[in-house]
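Start with the structure itself.

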Amino acid sequence: MKNLIKKFETFLYRNRERGIKNLMLYVAIGNVIVYFITMIDPSGLLYSYLCFDRAAILHGQLWRLVTYVFTYLNYFGVASTFFHFIMLFCYYQIGRTLEQQRGTLHFTLYYLCGILFMDIGALLLRENATTYYLNLTLFLAIATILPELIFRFYFIIPIKAKYLAWVYLGLTLIDLFRGLITMFRGLRFGVVYLGWLFPIIALLNYFLFYGSSFRNLLPQSMRFRKVRSRKPAAAPGNPNWAANYRSKSGEKPYRHKCTVCGRTDTQYPDLEFRYCSRCAGYHCYCIDHINNHVHITE
């Protein structure tokens with residue numbers, strides 16, 4: 001499995017410039033266009049042809065599996081429209097940063113796989129798909145690779161990306177808890193609500209691409225386990241190790257050897273050795289022959 005992941009990461013790195021460049025820019029512009037057209041046209045004809053509709057998809061309108069991405073702003077009321085316009089701008093900025101950090105192909109596959117997972121989940125759960133939770137995971141993704149990145153909340157309040165990620169995870173747990181309560185309440189009346197599973201589907205897509213780096217969101221003390229290994233005590237040095245050693249030829253190792261008599265510092269540790277400066281090359285002599293030898297000229 002690790003080898004497969006490494007091969008996949010290598011493929012993404014070698015083809016990092018492929019994919020849909022500025023994908024989130026197209027998503028943002030498409031959402032703005034659809035929103036304003038819907039405001040101009042009270043009948044909502046364009047929205048009705050683009051939104052996710054399980055029954056229409058099963059009858060062959062397959063474009064809805066993708067086009068609902070451009071109806072993000074239409075899911076919310078007019079009162080919160082300004083907030084979600086700001087969020088859409090943040091998604092564009094994060095998407096552009098993720099493209100620069102991990103490559104265009106990596107981000108393209110991440111977002112398209114997220115849409116695919118949402119489609120499959122919506123079809124199986126019999127619910128309407130939305131990119132709300134998929135877009136929120138972008139905060140988690142950027143915090144994973146750049147935990148110290150500073151965001152300007154409402155363009156004023158500075159906050160680090162890793163703290164935004166933990167806020168997102170906390171809100172997701174609250175949504176899951178509320179979803180469970182809604183589901184149990186609906187079971188009393190024979191209604192099964194499974195829409196609360198969409199945050200989990202979005203997180204599965206996140207862990208598929210960024211799960212190996214999730215530890216970056218943890219505090220510094222929890223990122224790595226300190227393993228204390230006891231190293232064996234080093235054996236005390238033996239200054240006379242050469243005296244007890246013999247090579248295959250039977251000769252003990254030495255540092256100095258007299259060129260004339262052949263005595264070594266291992267055989268005679270108290271004997272003084274010197275090197276002649278008049279001999280050609282690097283020749284050693286004991287104290288008895290340093291001044292009594294024929295100089296080597298070649």
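Cys284 is buried, at a relative accessible area of 5%; buried means under 20% (1.4 Å probe, protein chains only). The model is predicted: local features need pLDDT of at least 70, side-chain atom pairs count only at pLDDT 80 or more, and totals for chains, interfaces and linings use all residues. Residues are numbered from 1 along each chain as its sequence is written, and side-chain values use heavy atoms, without hydrogens and water.

**Cysteines**
- The whole structure has zero disulfides, a disulfide being a pair of cysteine sulfur atoms within 2.5 Å.
- Cys258 has its nearest cysteine sulfur, that of Cys261, 3.5 Å away.
- Cys258 is buried, with a relative accessible area of 2%.
- For Cys284 the nearest cysteine sulfur belongs to Cys258, 6.7 Å away.

**Nonpolar cores**
- A nonpolar core is a set of buried Ala, Val, Leu, Ile, Met, Phe, Trp, Tyr and Cys residues joined through side-chain atoms within 4.5 Å.
- The largest has 50 residues; Tyr91, Leu98 and Tyr111 touch the most other members.
- H8 gives the most to this core, ten residues; helices are DSSP runs (H or I, at least four residues), numbered from the N terminus.
- Another core, apart from this one, has nine residues, including Cys276 and Cys284.

**H8 and H10**
- The axes of H8 (residues 132–145) and H10 (residues 198–210) come within 9 Å and cross at roughly 35°; axes are lines fitted to C-alpha atoms over the stretch in contact, with angles from 0 to 180 degrees between N-to-C directions.
- Their contact has eleven nonpolar, three polar and no charged residues.

Definitions and conventions. Helix = DSSP H or I, 4+ residues; strand = E, 2+ residues; numbered from the N terminus. Nonpolar A, V, L, I, M, F, W, Y, C, P; charged D, E, K, R; others polar.
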